[in-house]
Amino acid sequence: MRQPLIAAGALLTGIGFLVAGCGSAPSAASSSVHKPQVLIFYSAQGYDASEAAAFQKATGIKVELSDMSTGPLLAKVAAEQSNPKWDVIWFDGNGPMSSMAQAGQLLTGYSPANMSHYNALGKSLLPKNHAYFPTGVTAAGAIAYNTHLVSKSQAPKTWTDLLSPEFRGAVGMNNPAVSGPTFPLIAGIFQQFGVRGGEKFFTDLHNNGLKIYDTNGVTLQALLDGTIKAALFQDSAELNAKLAHDPVSVVYPPSGVTMLPSDIAINAKAPDMQAAKEFVNFVLGQQGQKTMQDIGAAGSDSLFQPVTNEVKPLVSRQGVKWNVVSPTWAGSHESAWVTWFEDNVVR
Amino acid sequence: MAANPSTGEPPGRGTAVRRWWRVGVGEKGLFLAAAVIVLGLVVLPLCALLVQAFMPHLFNVPASLGVSLSGIKSLLADPYALTAGVNSLVLAAATAVLASALGALTAYLLQMTDIPGKRLLWGFVWLLLIAPSFLLAQGWEILLDPGGLTHALLGGILTRVLLSPAGVMVVLALKLFPYSTLAVASAMDGLGQDVVHAARLSGAGPGVVWRRVLLPLILPALMAGGLIVFAEVLSDFGIAATLAQTANFPLATFSIYTSLEQFPVNFSQAAAASLMLVAAVTLAQVFQRYMSGRRAYTTRWGGNRALAPISLGRRRGPIFAGALLFMLIAFGVPAGTTLIASFLPSGAGGFAPHAQLTLANYRAAFAVSYGAGAFGRSLEYGLVAASLGMAATLIISLAWRRTSNWLTLMLQIFLTSAIAVPGIVLGAGYIFLWNAPGFRGLGAYGTPVVLALAYMAGGLPYAVRVVSGSIAQIPGGAVNAARMSGARLLEQMRFIIVPMLKETWLRVWLMLFAGVLFELPVSQLLYPPGSPTLAVSIVHQFNGQQFGLGAALTVMSTAAAGSAALGVSALIQRAGRRRRPSRPAPASDLTSEGVQAS
């Protein structure tokens, strides 16, 4: 008599694996539906955890943060498209934001009260329909050099200085297929030099022995240990190394650097719209802005250039010329240009 | 649908109807349970993504069943993706051969000889399995850095040699050979003295015993291990994104990530590329099945004496030193660079010159807000997923031993092919399935349940491979005899199958557990918001350029997990030792010279 019971037990175990989800599910689902004040927050920012904690403390609204790199975040949001779970998303780069806005995935027309604190830079970056809100900017790429290897007088001043024989085999940058901020850097150069001129610049760099690494961290490592003398990557990571007393100096070429805005946006179908709106307003307010600058908790992302009058920058970027790249223009070429870069510069 | 005569049900117990129920449900229930588990955990979620190679708009709003080959076309039109695909296949095949050789050698030394320090060496094998792939990849990267310490010492020889496709292969083989070690060691564990005696009595010399008896019995496990390595190379991302990139050697996983990380996300091309990997492993399996043929591999039977260990004699010391050196290179070198980084104050980590060592990162590690609870959480996921995964593995392996038809064969092949699918693809498949109309009503997506299921799905293919291989060694006669004597399914399991494979269970459990602890891509996509796992919180630190802190977290959790692994590894050793004295070696001296190595 026991054998059928066991077999049935085995079958039940099998089904149980699937049903186990359903068992605990209704409670989980109902808790987020009926108790309105839970914010589901997807982010790729270093300061997201501190911001979530500060908001939760200030308002009592529970924040459930899903933090990951920008790539997986975009994949997750895209895979959820038919039934999005998130209330708020926050990452660097307005290309994906503007394309999500066009697809109607983002809430438009909301004007948080703290929007009044936007400075001129903030106002210039805010889209007319308020589909997403800039929260700070960094440079997608500036030149960093190793001060032990390059004297101040020999330091590169412009992009094309990196093509000189002095920097042969001694310049590095990130791979745009791995590193998020690198495509905006390339797009900015293409805008500055024209597409042909930009291709020529990177081909010349390649012929001068350009080294490609995967992300900011690895490129910085190579710069510090002297594998390369100069590098192009996100300026917040460069400035962070400088603050940590690493032998690094940062150069902003006078022709300008590409502005990389960090944007926050609300889901058009946000499960908890009220919490989402309060959160975005909180981030733009004084406490939210100060939390973003808690560098001990957030790391290099805290070194952004503020877009509100609520805080002063942690590092000075005085005199930097910012180039704004149209997200729709860059976005429509992203796939082709990254492929070109992989085929002609990486190899 | 009459009672199956082969089950040997003793007659006259209950009516015909009851007997049908007993036998029919016993076999069919097991078979059904196995099918439900494999379909639900692996097949459906993967198909939810893979089908988008042909139906790119299936999960759009509104959904469309329109068939289009745009994904496959864009894959074929992308020279980068094609090169990457070919590179991956060649690399996977070469790595499988090298890792199998390393695995067979280590398994031989650890399982069949009297090499000293077995527990230590096994500990390294486990550490390699447990260590997160991003840790190893990063360690090798720092090591090979042309400006780094080794470059200064060796004048760039190591860099030139290893920053090449061959170097990538060596690094991958050093990381993956433990899969082969485990598979082969399990098979060797089943080898008994009796087959050796029989061969020796029939006049075979030691060489012939090896060639004609022992090697053929180990071969299926060797090929199974090689197959896992082959599939594992195809799905590896850690090395593909670091070392292979620096060596200008694009790989398929990398091109899949590229199509998933651009915006709008190209799921269709990622699906097409993943299908290519699945097809490659399917073909490899067909080849393996053809090579292994339809022979029987039963090596464990009642009264079978454990093989007496082969004495290495005077070479014991040098061989141990060699094995230790090998393990130190495979694990110690890449892990050592992270260890050093964890003691450096610099924001960048690595070998910054003239840096003073500090414990600041370790102090900070205890105060990380986002990491709080992440280690304990991953530990819990590991315990639950490994234990449930073990139960699922037992059900599947038993069902497939008893019932063999086209469906089990297809599921079996698909399950192994699934190893080749990169983690991010499996994770995305889980989102598509559990967030799809019909499934989303269950509300499981976004809860720990779906993440735990995905963890089980990630480990299941290995576990089933290894356990099926071991169960195949149990002679049908032993089980049938038990059945004839009235033993029921649970009793057969309890008294025959579970005890005979005790060491295999512990190993497979540990392997499942280790696979969960530092898992990154699936965790990133599926962890319930607000409850990050260990790898997620470590990567959060690395992303913020806090390398020293990330390194400190990695070192602390690897140490904690490693000591747990060493504990279980010691248990396995003890289980092995306890088994041996219970079957005393025969007085005859045939034993010790029976399988002498030379």
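Let's start with a strand pair. In chain A, 6 bridges join strand E1, residues 38–43, to strand E2, residues 62–67, and the two run parallel. One pairing to look for: A:Tyr42 has A:Ser66 in E2(A) as its bridge partner. Keep in mind that this is a predicted model.

What connects to this pair? Take helix H2 of chain A, residues 48–59. Together, E1(A), H2(A) and E2(A) make a β-α-β unit, and that unit is right-handed.

E1(A) has another partner. Strand E3 of chain A, residues 88–92, is joined to E1(A) by 3 bridges. This pairing is parallel. Look at A:Ser43 here: opposite stands A:Trp90, in E3(A).

How many of the 6 residues of E1(A) are buried? The count is 5, so by the cut-off of 20 or more other C-beta atoms within 10 Å, this strand is mostly covered. One general point on strands. In a regular strand, side chains alternate between the two faces of the sheet.

Now the open sheet in chain A. Five strands, in the order E7-E6-E8-E5-E9, with mixed pairing. Which strands are at the edges? They are E7(A), residues 211–213, and E9(A), residues 248–251; each of them pairs on one side only. From one strand to the next, the twist averages 25°.

Go to the E9 end of that order. Strand E5 of chain A, residues 142–146, is joined to E9(A) by 4 bridges. These two strands run antiparallel. For a landmark, find A:Ile143, whose bridge partner in E9(A) is A:Val251.

Helix H8 of chain A covers residues 235–243. H8(A) lies across E5, E8 and E9 of chain A, where E8 is residues 230–233. Against E9(A), the helix runs at about 145°.

Let me step back to chain A as a whole. The chain has 12 helices and 11 strands. Of its 347 residues, 54% count as buried. Then the contacts. Take those between residues at least 6 apart in sequence: in chain A, 79% of them join residues at least 24 apart.

On to chain B. What is its make-up in helices and strands? Chain B has 27 helices and 0 strands. It has 598 residues, and 56% of them count as buried. For contacts between residues at least 6 apart in sequence, 81% join residues at least 24 apart in chain B.

Chain B is divided into two domains. Domain 1 takes residues 30–59 + 368–543, and domain 2 takes 79–315. Their centres, taken over C-alpha atoms, are separated by 21 Å. Where the two domains touch, domain 1 of chain B gives 37 residues and domain 2 of chain B gives 44 residues.

Which helices supply the domain 1 side of chain B that touches domain 2? Five are listed, with at least two residues each: H1 (16–50), H18 (406–417), H19 (423–434), H20 (448–471) and H23 (502–517), in chain B. H23(B) gives the largest share of that side, 7 residues.

And what is that side made of? By class, the side of domain 1 of chain B that touches domain 2 of chain B has 26 nonpolar residues, 8 polar and 3 charged.

To recap, then. In chain A, E1(A) pairs in parallel with E2(A) and with E3(A). The open sheet of chain A runs E7-E6-E8-E5-E9. Chain B has 27 helices, and its domain 1 and domain 2 have centres 21 Å apart.

How values were computed: Residues are numbered from 1 along each chain as its sequence is written. Chains are lettered from A and ligands numbered from 1 in the order in which they are written. This is a predicted model: local features need pLDDT of at least 70, side-chain atom pairs count only at pLDDT 80 or more; totals for chains, interfaces and linings use all residues. A residue is buried if 20 or more other C-beta atoms lie within 10 Å of its own, exposed if 12 or fewer, and partly exposed in between; C-beta atoms are placed from the backbone. Two strands pair if DSSP finds at least two bridges between them. A crossover is right-handed if, with the strands pointing away from the viewer, the path from the first strand over the helix to the second runs clockwise. Two residues are in contact if their C-beta atoms, placed from the backbone, lie within 7 Å. Axes are lines fitted to C-alpha atoms, for helices over the stretch in contact, and angles run from 0 to 180 degrees between N-to-C directions. Domain bounds come from an automatic or database domain assignment. Ala, Val, Leu, Ile, Met, Phe, Trp, Tyr, Cys and Pro count as nonpolar, Asp, Glu, Lys and Arg as charged, and the others, Gly among them, as polar.
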